[in-house]
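Welcome to this short tour!

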Amino acid sequence: MALAWASAAAWAQPAPSADPSVCLVRPALHDALRRHVDRGSVGTFNVVLHFTQPDAAPRIEWQMDPVSAELSDELTFYFQGFRLPCLQASQAPVSVKQRVALVPDAASADAERRAPADGPACVKRMMGEFPGRHTTAEGKALLRLTFDRPGTPSRHRVLYRSPGFNDLPLLKEFADLHQFTCSAPAQSAELDTVLILQGGRRLQFTQPVKFKDFLPLVKDWRQQTFDFDLNAMGCPFDVRWALRQPHADNAVTELDAPQPARAPLLDWLKRQVLRTQSAEEYDQVVFEPMTLQMPCGRLKYVPPQ
């Protein structure tokens with residue numbers, strides 16, 4: 001599947017160094033990642049970043065699994081923003097250990113108590129090593145977890161799994177790591193969560209994608225009617241988007257302060273499916289987060305009669 005996106009920003013080129021890690025460029029924590037902290041997703045996460053080019057995103061080697069698929073998406077986005085601008089071809093590859101600590105400030109210390117009792121904020125993944133971390137299995141899966149009461153394992157349903165990924169006991173182990181920690185809900189609570197095992201073929205979006213380049217990739221978009229006034233939505237702005245359709249709503253997150261005026265656009269993005277030519281091509285792109293750059297102006301389309 002062909003993709004077009006904006007070229008990477010130019011990086012300053014410091015003088016060569018015997019240790020290229022001294023010029024490591026770290027991005028700032030973005031708002032979407034900070035909101036995970038406000039919802040109680042705290043902890044310290046260690047990775048090894050493997051760099052092969054000075055202006056390219058590193059390959060990320062997790063030393064411990066993130067506590068949720070959504071947090072994993074945002075941490076991946078964060079670590080993909082690291083660069084080694086003084087890396088020379090003769091020095092590559094270079095591996096750099098990094099640690100990020102997500103710690104709530106005083107204003108959000110009671111975020112878990114404020115969280116609604118029937119929302120995903122009440123679902124926690126137990127810290128510790130995933131029992132299947134060292135499996136040789138490769139692939140992806142989307143699970144829907146249903147919680148009937150606190151402190152008990154969820155019931156789970158597999159909404160999607162990669163072709164050939166048949167290790168169902170491994171998926172149950174992953175589901176059992178999650179617990180509902182708030183007071184008993186009035187009704188069953190549900191959460192969709194993603195498992196991606198290292199290896200296999202993945203199409204990772206390391207650069208932002210302009211909406212004008214994203215739209216042609218949407219299946220049957222010319223058969224849809226839409227009208228979005230981006231000028232009223234605090235434009236320009238970025239949105240994190242990951243394909244889950246047709247199995248569940250796509251994952252959509254605003255990267256700056258949420259704005260209610262964007263609700264119709266975000267709802268539209270949750271329903272879209274990308275054009276893929278085969279089950280294998282779909283599996284490469286499903287669950288892989290991309291950053292959509294929304295411009296200013298008006299996005300309006302009416303199918304010709």
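**Stop 1: a group of rings.** Select Phe211, Phe214, Trp221, Phe226, Phe228, Trp241, Trp268 and Tyr301, and you will see one aromatic cluster. Keep in mind as you look around that this is a predicted model. A search of the whole structure turns up 11 aromatic pairs. One of them is made by Phe79 and Phe82, so select those two next: the pair is tilted, with 5.6 Å from centre to centre and 35° between the planes. Are Phe79 and Phe82 buried or exposed? Both Phe79 and Phe82 are buried.

**Stop 2: the largest core.** Which residues have the most contacts inside the largest nonpolar core? They are Phe214, Trp241, Leu269 and Met294, in a core of 36 residues. Now colour the elements that each supply at least two residues of this core, among them strand 6 (155–161), helix 5 (211–214), strand 11 (237–242) and helix 6 (263–271). Helix 6 gives the largest share, four residues. In soluble globular proteins, nonpolar side chains tend to be buried together.

**Stop 3: Leu269.** Centre the view on Leu269. Setting aside residues up to four places away in sequence, Leu269 touches Phe211, Phe214, Val239, Trp241, Asn250, Val252 and Leu292. There is also a second, separate core of 18 residues, which includes Leu24, Leu84, Cys86 and Val100.

**Stop 4: a charge over a ring.** Select Arg262 and Phe237. The charged end of Arg262 sits over the ring of Phe237, 3.9 Å from the ring's centre.

**Stop 5: Ser95.** Go to strand 3 (residues 94–102), where you will find Ser95. Show the side chains of Ser95 and His50 to find a polar contact of 2.6 Å between them. Ser95 and Val48 are 47 residues apart along the chain, and their C-alpha atoms are separated by 6.3 Å.

**Last stop: the whole chain.** Zoom out and switch to a cartoon view. The protein chain has seven helices and 14 strands. Of its 305 residues, 46% count as buried. Among contacts between residues at least 6 apart in sequence, 79% join residues at least 24 apart.

Definitions and conventions:
Residues are numbered from 1 along each chain as its sequence is written. This is a predicted model: local features need pLDDT of at least 70, side-chain atom pairs count only at pLDDT 80 or more; totals for chains, interfaces and linings use all residues. Side-chain values use heavy atoms; hydrogens and water are left out. Buried means under 20% relative accessible area, exposed over 50%, partly exposed in between (1.4 Å probe, protein chains only). Contact means heavy atoms within 4.5 Å. A polar contact is a pair of N or O atoms within 3.5 Å; within protein, one must be able to donate a hydrogen and the other to accept it, and residues adjacent in sequence count only if both atoms are side-chain atoms. A nonpolar core is a set of buried Ala, Val, Leu, Ile, Met, Phe, Trp, Tyr and Cys residues joined through side-chain atoms within 4.5 Å. Rings of Phe, Tyr and Trp (its six-membered ring) pair if their centres lie within 6.5 Å; planes under 30 degrees apart count as stacked, over 60 as edge-to-face and the rest as tilted. A charge sits over a ring if NZ of Lys or CZ of Arg is within 6 Å of the ring centre and within 35 degrees of the ring normal.
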